[in-house]
Amino acid sequence: MNSESGNAPEVTDSDDWLTIPNLVTFVRFLLVPVFVWLMFHDEYWDALITLIVLFSTDWIDGFLARKLNQVSAVGKWLDPLADRLSLWVVIITIVLSGLAPLWLVFALVVPDLVLAGLMLTVYAGTPQMQVTMLGKARTAALMLGAPLLLVAEAPFADADLWCAIATGVLAVGAGGHIVACIDYAAQGIRAAHKMRKTGLNPRNKMDREKFFQSI
């Protein structure tokens, strides 16, 4: 943030977990089972609206955290967790409903599990790495492709056309997801190497926090 503007307050971390952005994140968790229920009852239009609201909360909580200066330690791990779990459940539900190909699940879940296993091995936890533009782009593609599949089920839509468009967007998102996971893994390994060179232990939580706060 530009300190020369003198208008916007500096965003600082808080230990308070009961914040408006975190409540928005909790709403995202609550909307996931609603989406699943609607999908398995073939209420695709209502599921589409629910999915749009669900995905919108990903932007809303981050915006409110910065706008209200309510960035919290809990929010820093809760928001990514909500993102990942909600996206997993949405994609798996759409695949089980027969609207998306099975390969989509493997393209999303397997890289995440491999990355999580690597980070647990190297750090004995999850390092707070910055989200990259590639990571944001793949998430945007996946969040766009999933609703498009539901649009294809609308009576006024050309099902074949919209399904092809949605599958193409999801394929781009899935490919970006694999590349992003490889990039995050490389970042994590490089960061662990730098920590060891400076005498810090990547598996020590305090050392991790000290290192990542300094970069």
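Guide: Helices are DSSP runs of H or I with at least four residues, and strands are runs of E with at least two, numbered from the N terminus. The model is predicted, so local features need pLDDT of at least 70 and side-chain atom pairs pLDDT 80 or more, while totals for chains, interfaces and linings use all residues. Residues are numbered from 1 along each chain as its sequence is written, and side-chain values use heavy atoms, with hydrogens and water left out.

Let us begin at the loop between H1 and H2, where Asp42 is placed. Asp42 has a phi near 60°, a positive value in a residue other than glycine. With a relative accessible area of 52%, Asp42 is exposed (over 50%; buried is under 20%, partly exposed in between, with a 1.4 Å probe and protein chains only). Because its relative accessible area is 37%, Glu43 is partly exposed. On the surface, Asp42 and Glu43 gather with Asp46 and Glu153 in a patch of negative charge (residues with over 30% relative accessible area and no salt bridge, like charges joined within 9 Å, nonpolar side chains within 5 Å).

The side chain of Arg28 meets that of Asp58 in a salt bridge of 3.9 Å, N to O (a side-chain nitrogen of Lys or Arg within 4 Å of a carboxyl oxygen of Asp or Glu). This pair connects distant parts of the chain, for Asp58 is in helix H2 and Arg28 in helix H1, 30 residues apart. Asp58 is buried, as is Arg28.

Arg28 also meets the side chain of Asp83 in a salt bridge, at 2.3 Å from N to O. Asp83 lies in helix H3 (residues 73-96) and Arg28 in helix H1, so this pair ties together parts 55 residues apart in sequence. Asp83 counts as buried because its relative accessibility is 17%.

Arg84 and Asp112 meet through their side chains in a salt bridge (3.1 Å, N to O). Here Arg84 in helix H3 is linked to Asp112 in helix H4 (residues 103-123), 28 residues apart. Arg84 is partly exposed at 22% relative accessible area, whereas Asp112 is buried at 10%. Returning to Arg28, salt bridges that share partners join this residue with Asp58, Asp61, Asp79 and Asp83 into one network. The structure holds five salt bridges.

How values were computed:
Accessible areas come from the Shrake-Rupley method with a 1.4 Å probe; for residues, only the protein chains shown count as cover. Lys and Arg count as positive and Asp and Glu as negative; His and the chain ends are not counted. The place of a charge is taken as NZ of Lys, CZ of Arg, CG of Asp or CD of Glu.
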